[in-house]
Amino acid sequence: MKNEMWHLHPDRYFDPDPAQRRVARELYESVVGLPLVCPHGHVDPRLLADENATFGTPADLLIIPDHYVFRMLYSQGIPLESLGVPRADGAAVEQDHRRIWQIFAENFSLFRGTPSGIWLSNELYEVLGIEEKLAGGTAQAIYDQIAERLASPEFRPRALFERFNIEVLCTTDAATDPLVHHQAIRDSGWDGDIRPTFRPDAVVNLLTPGWRENIDALSDVSGVTVDSYASFIQALENRRVYFKRLGAKATDHAAVSAYTAELMPGEADLIFQHALHGEATSDDAHRFTAHMIMENARMSISDGLVMQFHVGSVRNHNRPLFERFGWDKGADIPERSEFTHNLRPLLDKYGNDPRLTFIVFTLDESTYARELAPLAGHYPAMKLGPPWWFHDSLNGIRRYLGDVMETAGLHNTVGFNDDTRAFPSIPARHDLWRRAGADRVAGLVVRSIVDLEDAQGMILDLACGLARRAYRFDEQ
């Protein structure tokens with residue numbers, strides 16, 4: 001029996017209506033060759049620090065580090081140990097990467113119709129040149145093909161960065177990160193534009209496991225002895241200066257709730273002292289995080305770093321799995337969010353200041369039209385981030401554009417970011433966004449809401465322009 005071959009339709013994701021499809025195709029073709037602007041993501045900078053770095057095996061590339069992939073497999077009863085995912089306690093997991101790949105291939109049908117399936121198909125066919133569909137019977141032959149490609153210079157991370165036509169790529173880095181890999185990239189003379197992003201969550205959230213050790217690391221890396229709230233702020237400001245020196249354009253903050261509130265300095269220091277002595281309560285942590293979101297907005301007005309705020313993920317919902325494997329193992333679940341009242345303290349104080357760019361992301365789609373689009377459509381400082389995580393999908397993008405564009409307008413959104421750890425999926429994610437954006441704008445054309453000239457300006461903004469401007473890449 002002949003093996004099935006991949007087929008990615010040139011008009012994929014476009015509306016079946018012939019008139020809309022024709023315009024969508026024209027708009028998409030006008031931006032398909034534009035560079036990829038990647039202002040937020042989680043690619044490990046170590047991949048790009050060494051010109052001879054490789055992706056390892058096919059399992060290293062596509063399975064072991066990608067919680068989008070192993071989350072689906074785990075949901076069908078496949079243990080993470082059998083997929084080679086490292087355990088927190090160092091216990092044995094599967095080391096035979098061919099066996100891991102075989103499990104993946106035999107279950108590849110689980111990804112049909114999902115965003116992960118779209119990205120994986122694109123990676124296998126367009127990036128890795130695999131023409132046969134992945135299945136149990138083709139698994140080992142495809143493994144060999146991919147392994148051969150990954151061993152060649154053309155498939156090293158820097159080579160793919162250039163092949164993908166990435167204009168700029170931002171990583172996400174802890175406040176305590178010494179950024180040695182970013183410095184190594186700069187020192188190497190390679191002209192790839194890789195920038196860090198300042199993420200202070202591990203020192204801001206007082207209940208983070210290892211918080212006290214993180215504070216000690218902050219002291220070490222900043223040169224500021226952190227023994228009070230005032231010295232804590234000084235250390236954070238020190239690190240922001242260093243991140244900017246290495247090219248950072250943004251900060252990143254995550255919280256379950258969008259709650260913001262300002263503490264008096266004495267109150268902030270009292271809570272911080274409780275934490276230093278291991279006595280912080282959940283209420284202390286909740287109020288301190290809310291206060292620090294406002295403090296980071298203040299700092300962003302001062303130093304010009306764009307502020308990203310990701311809201312609504314209940315982390316590590318599967319407690320037994322977290323205890324065995326640690327963070328980021330696919331057990332993060334969206335929660336209902338409220339923004340109108342929770343953001344009001346921050347917006348009252350800083351929302352009218354155009355020096356601040358405050359980009360808000362949510363996992364609660366019900367807030368798009370009801371709260372976030374009206375807020376971003378009014379406050380000069382506030383912008384809407386693209387559909388995030390569970391909603392970074394064809395239908396998620398359609399819902400987002402449909403819900404926010406009429407109220408917020410296109411220019412109170414910030415274009416696309418891929419938010420990925422899976423480096424080879426970057427072009428697939430941007431391609432989906434550009435196709436979905438072209439289809440949305442084409443719908444406006446065929447309904448005579450905008451003309452073709454305006455539509456061409458809109459798709460250029462969706463593809464690159466909005467992200468470049470929002471993250472200030474066009475500024476020195």
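1. Let's start with the surface: the accessible area of the chain is about 19900 Å², and carbon and sulfur atoms supply 49% of that. The areas come from the Shrake-Rupley method with a 1.4 Å probe, and for residues only the protein chains shown count as cover. Please keep in mind that this is a predicted model, in which local features need pLDDT of at least 70, side-chain atom pairs count only at pLDDT 80 or more, and totals for chains, interfaces and linings use all residues. Residues are numbered from 1 along each chain as its sequence is written, and side-chain values use heavy atoms, without hydrogens and water.

2. On overall form, the C-alpha trace spans about 75 × 60 × 45 Å along its principal axes. Of the 476 residues, 57% count as buried, meaning under 20% relative accessible area (1.4 Å probe, protein chains only).

3. Now for contacts (heavy atoms within 4.5 Å). Among those with a separation of 6 or more, 77% join residues 24 or more positions apart.

4. What about the cysteines? A disulfide here is a pair of cysteine sulfur atoms within 2.5 Å, and the count by that rule is zero. Cys38 has its closest cysteine sulfur in Cys170, but at 8.3 Å that is too far for a bond. For Cys464, also in no disulfide, the nearest cysteine sulfur is that of Cys38, 9.5 Å away. Cys38 is buried, at 2% relative accessible area, and Cys464 is buried with a value of 2%.

Technical notes. Buried < 20%, exposed > 50% of the residue type's maximum accessible area, 1.4 Å probe, protein only.
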